[in-house]
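Thanks for coming. I will go through a few local features of one model, so please have the structure open while I talk.

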Amino acid sequence: MSGTSRMVAQAAAETALTPVAASASSAERPDLGGAAATDHDDKTRWSSGFNDGESLTLDFGKSELISRVRIDWENAHASAYLLQVSDDNANWTTIKTVSDSQGGTEDITGLNGKGRYLRMQGVKRSSQYGYSMFEIQAFSGAPVPTTPTPPPAPGPADPGQPGVAIKPVAANSSPVENQGMSAAMTIDGKAATRWASKAEDGAWIEFDFGVKTQVGYMKLQWENAYGKQYELRVSDDGQNWTALRSVSNGRGGVEEFFNLGVNARFIRLQGVARATQYGYSLFEAEFKSPGSDNTVPPALTSAHPFPANGSAMSPLPAAAEPLETLQFSLPDGTLVTRFGARGLARHGRERGEEWNEIGEGPNETVDPATGLAVNKGPGNYLTFVPQYFKNRTWGVEIIDNSRVAGVTKPQLIVNQYTQTDFLSGGIAFFRAFDRPGVTGYGWMNPGELVDRSVAQCAPIAYPANGKLTNANGINGACTLLVKGYPGHGGIDANGMPNGKSVPGRALVAGDIIEVSPSFFSTKEAMAAKGDSGGIRYYSYEWVYVVGSGLKPWYGVQPRLNSVPLPEETLSGGQGSISYNYTDNGLFMFQQPHNNVGMQNMQRFVEGRRLVHTNFLSGEHNEGGNDRYLPAVGLQGQRYNQSACIACHVNNGRSPAPAALGQRLDSMSVRVASSGANGQQVPHPLYGTAVQMNAVSPTGSAQNWGMGARVASFETRSVKLADGTTVELRKPALAFEGPVPDAFSLRAAQPMIGTGLLEAIPEADILARAAQPADADGVKGTANFVFDPESGAVRLGRFGWKASKATLRHQSADALLLDMSVTSPVHPNRGCAFDPAGCATKGAQKGIIESDLKSITQYLALVGVPAQRSVSSGFPKGVAPIDEHRVDAQLVSAGGKLFTGMRCAACHTVQMKTGAGHLFAELRNQTIRPYTDMLLHDMGAGLADKFAEGQAKGNMWRTAPLWGIGYTDLVMGKEGKVGYLHDGRARNLTEAILWHGGEADKSRQRFEALSAQDREALLAFLKSL
């Protein structure tokens, strides 16, 4: 086998066991019974009653050896449980005790049980609900361990010629459905005959070539009953097998396998999971010898260039003027504030449950029978409406004369700048905090139109930077005036009406005004723009402080009334994302800066469209959006994923490597070979990164044997000072192709705040690097890189090893290495193999300059959630949404511990951006990213062999911590969260315990904490 990492099986190779029945002690509903956990359908599940002692039992019909059990939990998992076996369903033997389950996918290996029955016996639930399990699968036999690569087989006789058809001399299988459907039917050349196995997950079929034979290609033609999961294995004697390929997402129909590199007598298809209730059914199997049409030849490679040091470094160019002005003052002191709005479906305090003051209306947030919080799902506020990038952003301008000398009755002049006709009015001011019935939404004042007789307003061109459209600020009949603070009802200390009236008054500097724009158009106006979508939209709710401008906000009593957030909570500066009261945590990493400009909002949504676009099909991953035709077919034949969002789930991290056999195509595996002089160069087969998926010219999926997956987990335990034991584990990788000399598994990092990090002056970062090592031995190191377009030496900022200088550089690298899409930065796919020859290889069709710029601008404009360290003002009896269950004292205590433990020696709390970025949103912002942007030695436990410039294998850029408390919510149901560069840490405690090297002493201080102090520190981190 051609230089491939294989897994060698013992005589009893691992096979999946098929239960004949599954029964549960209880089910929450009839459709959530035990059988749903064995149907191989990830949309169904077993859900028990709400008791700790519930159980699920599998009956295999006869006694079986059980060596491995895999469980896929829903969110409501067992935190403690037993795996037990029995031959009579009465007397049970425990073969595994799990005492600290993290949920998600659990793959429990090394079991030694025997019985007809297997039971998951719950001990303790992780939540108020029962146990909820998507799937449970048992296995029998020895797993195939990773072994050294055997000597490579000889290549094709003539690698320049296509492979030729070769035919097995025989085919055999496990028991069949009937004798008329034997294995031989798959090699008889007849399209109408087929092999059909018994209805067993562990069924198999094998092909015998008579002698050792080179095979480069295999094609399977499935009947409707196909394999959802299966392995291809090879053997010389039909007894001892090695794994060749692992398929975890079989789709049926025609499945092709290229680049097999086989030199063996037997090839076996070993079933793991069926796609239907029937057995496996295969019409035909075809094979070819290795050839130019099915085998990848090695490519010419050259090293990625890095400067030896930063002596020639030049800072990023500064822009004299920002792309768009956000705020400016006129000569007389009038303050002008401008910001962008986008169309939203609902309002900022509407969650999935109705909520009201006691006695004032329904309160669905609490179950009256149990007193437990109820979650009926999220609201629809931070989501993105269909066609959000098309005619659905607009600008708002507030002209405020409250600080003009001599003005005693200030007023606000409010203009809107839209892309199409809109109905007049449309902005509400001042939250109606005096009305008990105002919860999800409600305001006091719509402002005063300059001319109320005009019902429909025409678009007005966006204003020039630093100038008013008209000298008096009045753009026309549809301009709104806010002439004072409106009169309202009085309220008592509990926020309820006291029977008194508070008269209206003049505005004064410091008044807090909630501003809620909306955009209502007409079908005719939208049709004139070629738009047949919706015509009525709300937008964000902002807080405007008279005399100052926009401020991120949170809700206080009464009824989440809006007030500015304290400055110390503004992780992303004045553009920090306000608190979310709609349970839309899934979307918290997808919002623009709070103060995003009018035209920059349109730039933001256009960039988001590209990040959510499939570069093979051009389709948007959210329904109701136009296909983006310029993206169709830009992807190369071999790639990892087709859209940015497939790895950066909801702009957050990749799904973690959580299960044995998990394919790692939503992460990145960076690889290198050792050159003649010991320098690392891209791998001749993979390039700089493994491209795990492939597609034919007609769009059908192909398997080229470029996969990397989790082969095993290396585990160790750490005992904390209070006696708590924590298991640490890291994934070990298996490659379907050659094992590279060096490789590094990398998780996608959150996209939030990257523009702010790009705006930090180089001098500030380098000043920290110039400081001597502190008492703990902490000493940051800067990485330096060449600009791939100009050749200038720059400070590295982005990536796990700070090997990219700019968002443009980072975006172009991700497009090429993860999606196989070329760009003006990397015009040819060969750039991933031969950087030295990149410029001379010619250009292949790829993303155009304007679209690369759009992605880069989007990344710069994604905002950072404010720290959730202050409590919100939910009415008595209303359950807060989970992300706002804040113990402010505990968070404060944890923050002090964070500083006292010297975590901030690397995770620098506060920095300030410079004055030269192209976006005004990023200029002169005091931010709290919790990173120094420098490399640090993190110890042998986190080291790999992959080097990038100054960053050796044990060196990693300090990861920003802002937003880390939202990680689980942002991931949603797309996978299990993982922390650190390879996603190994299942929670923050594990992430801290992996810290070594320069972080040794801080980690030791963490290990010595009491349980109470540890809880406080984790509460602080989760507030970020």
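I start with a charge and a ring: the charged end of Lys-288 sits over the ring of Tyr-217, 5.4 Å from its centre. The term needs NZ of Lys or CZ of Arg within 6 Å of the ring centre and within 35 degrees of the ring normal. Arg-342 also lies over a ring, the face of Phe-384, at 3.7 Å from the ring centre.

Some bookkeeping. This is a predicted model, where local features need pLDDT of at least 70 and side-chain atom pairs count only at pLDDT 80 or more, while totals for chains, interfaces and linings use all residues. Residues are numbered from 1 along each chain as its sequence is written, and side-chain values use heavy atoms, with hydrogens and water left out.

Next, rings with rings. The structure holds 29 aromatic pairs, a pair being rings of Phe, Tyr or Trp (its six-membered ring) with centres within 6.5 Å. One aromatic cluster is formed by Trp-553, Tyr-554, Tyr-579, Tyr-581 and Phe-874.

Now the backbone. Pro-558 is in the loop between strand E39 (553–556) and strand E40 (561–564); helices (H or I, at least four residues) and strands (E, at least two) are DSSP runs, numbered from the N terminus. The peptide bond leading from Gln-557 into Pro-558 is cis, with omega near 0°. Leu-560 is in the loop between E39 and E40 as well, and has a positive phi of about 60° although it is not a glycine. Is Leu-560 buried or exposed? Leu-560 counts as buried, at 1% relative accessibility; buried means under 20% relative accessible area, exposed over 50%, and partly exposed in between, with a 1.4 Å probe and protein chains only.

Asn-391 is another non-glycine residue with positive phi, near 65°. Its place is the loop between strand E24 (335–342) and strand E25 (393–400). Asn-391 is counted as buried because its relative accessibility is 9%.

On to helices. H5 (residues 807–819) and H6 (residues 849–861) pack at an angle of about 115°, their axes 9 Å apart. Axes here are lines fitted to C-alpha atoms, for helices over the stretch in contact, and angles run from 0 to 180 degrees between N-to-C directions. On the H5 side, Leu-807, Arg-808, Ser-811, Ala-812 and Leu-815 meet Glu-849, Leu-852, Ile-855, Thr-856, Leu-859 and Ala-860 of H6, where contact means heavy atoms within 4.5 Å. The residues of this contact divide into seven nonpolar, two polar and two charged. For those classes, Ala, Val, Leu, Ile, Met, Phe, Trp, Tyr, Cys and Pro count as nonpolar, Asp, Glu, Lys and Arg as charged, and the others, Gly among them, as polar.

Leu-1021 is buried, with a relative accessible area of 8%. What does Leu-1021 contact, leaving aside its neighbours within four places in sequence? The partners are Phe-898, Leu-961, Ile-964, Gly-965, Leu-988 and Ile-992. Arg-1014 is buried at 10%; not counting residues up to four places away in sequence, Arg-1014 touches Leu-720, Asp-722, Thr-724, Phe-1006 and Leu-1009.

Last, a strand residue. Val-681 is in strand E43 (residues 680–681) and counts as buried at 15% relative accessibility.

Technical notes
Phe/Tyr/Trp six-rings, centres within 6.5 Å; stacked < 30°, edge-to-face > 60°.
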